[in-house]
Structure formats: C-alpha cells, structure tokens
Amino acid sequence: MVNMIETSITDAKARLSSLVEAALQGEDVILDRAGKPVAKIVPFNDSKKSRLPGGLEGLIVPDDFDDPDPEIINLFEGGELV
C-alpha cells in the first residue's frame with residue numbers, strides 16, 4: 001500500500017525538501033488549499049521513448065484515399081444518392 005501525505009500549501013512551503021523526498025520514495029503527496037486537493041507532487045519522469053516514423057503507414061489513411069469515389073462522381077454529374 002502506498003502512503004499518502006496530504007498537507008496545506010502553506011505547510012508545504014516549509015517542508016518542500018522532505019515532501020519531494022517522500023514523493024521520490026513512492027508516497028503520494030497531495031497539496032490542498034482550504035481543505036481541498038489542488039496539486040500533487042510526483043517524481044519527474046524523463047524517459048524518452050525512441051520513435052520510428054511511419055509505423056502507422058497505411059493504417060490511419062487508407063492507400064486508396066486519393067482514388068476517385070464513383071458515388072461522389074455520380075452525384076456531381078446529376079445522379080441520385082443511392
């Protein structure tokens with residue numbers, strides 16, 4: 001079970017270093033104002049995932065996207081909607 005620390009912003013100003021250390025140790029640190037939660041201190045995660053461009057090619061926009069659509073052409077030439 002994860003421990004939780006809930007403290008006022010005023011109190012957090014005086015204990016910031018210890019609250020940051022608690023967050024680094026896995027504790028939930030919640031800051032409140034007038035008894036209502038307004039912010040959370042969490043560890044910074046700088047994990048940059050390498051990306052391979054083009055991995056979704058053909059999945060988002062179909063290969064025939066630019067091909068003429070016979071139904072649309074029919075409508076422009078005076079045909080009826082089927």
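Mentor: What follows takes each label, its value and its definition in turn. Keep in mind that this is a predicted model.

Trainee: What makes up the fold, from the N terminus on?

Mentor: The elements run β-α-β-β-α. That gives 2 helices and 3 strands.

Trainee: Why is the protein called more spread out than a compact globule?

Mentor: Set the value against the rule. The radius of gyration is 28 Å, while the globule rule gives 12 Å for 82 residues. The value is well over the rule, so the protein is more spread out than a compact globule. The C-alpha atoms fill a box of roughly 75 × 35 × 25 Å along the principal axes.

Trainee: How much of the protein counts as buried?

Mentor: Of the 82 residues, 13% do. The exposed surface comes to about 7,500 Å². Carbon and sulfur atoms supply 56% of that surface.

Trainee: Why is Thr-7 called buried?

Mentor: Buried means under 20% relative accessible area. Thr-7 has 5%, so it is buried. Its place is strand β1, residues 4-8.

Trainee: Which residues does Thr-7 touch, not counting those up to four places away in sequence?

Mentor: Thr-7 touches Ala-12, Leu-19, Ile-30, Leu-31 and Asp-32. Each of these counts because contact means heavy atoms within 4.5 Å.

Trainee: What makes the pair Thr-7 and Asp-11 a polar contact?

Mentor: The two side chains are 2.6 Å apart at that contact. The cut-off for a pair of N or O atoms is 3.5 Å, so 2.6 Å falls within it.

Trainee: Now helix α1, residues 9-24. Why is Ala-22 called buried?

Mentor: Ala-22 lies in that helix. The relative accessible area of Ala-22 is 9%. Buried means under 20%, so the label holds. Leaving aside neighbours within four places in sequence, Ala-22 is in contact with Ile-5, Glu-27 and Val-29.

Trainee: How far is Ala-22 from Leu-52, in sequence and in space?

Mentor: They are 30 residues apart in sequence. From C-alpha to C-alpha, the distance is 36 Å.

Trainee: What share of contacts joins residues at least 24 apart?

Mentor: The share is 35%, taken among contacts between residues at least 6 apart in sequence.

Trainee: Last, the charges. How many side chains are positive and how many negative?

Mentor: There are 8 positive and 16 negative side chains. The centres of the two sets lie 22 Å apart.

Notes: Residues are numbered from 1 along each chain as its sequence is written. This is a predicted model: local features need pLDDT of at least 70, side-chain atom pairs count only at pLDDT 80 or more; totals for chains, interfaces and linings use all residues. Side-chain values use heavy atoms; hydrogens and water are left out. Helices (H or I, at least four residues) and strands (E, at least two) are DSSP runs, numbered from the N terminus. The radius of gyration is taken over C-alpha atoms; the globule rule is 2.2 Å times the number of residues to the power 0.38. Buried means under 20% relative accessible area, exposed over 50%, partly exposed in between (1.4 Å probe, protein chains only). Accessible areas come from the Shrake-Rupley method with a 1.4 Å probe; for residues, only the protein chains shown count as cover. Lys and Arg count as positive and Asp and Glu as negative; His and the chain ends are not counted. The place of a charge is taken as NZ of Lys, CZ of Arg, CG of Asp or CD of Glu. A polar contact is a pair of N or O atoms within 3.5 Å; within protein, one must be able to donate a hydrogen and the other to accept it, and residues adjacent in sequence count only if both atoms are side-chain atoms.
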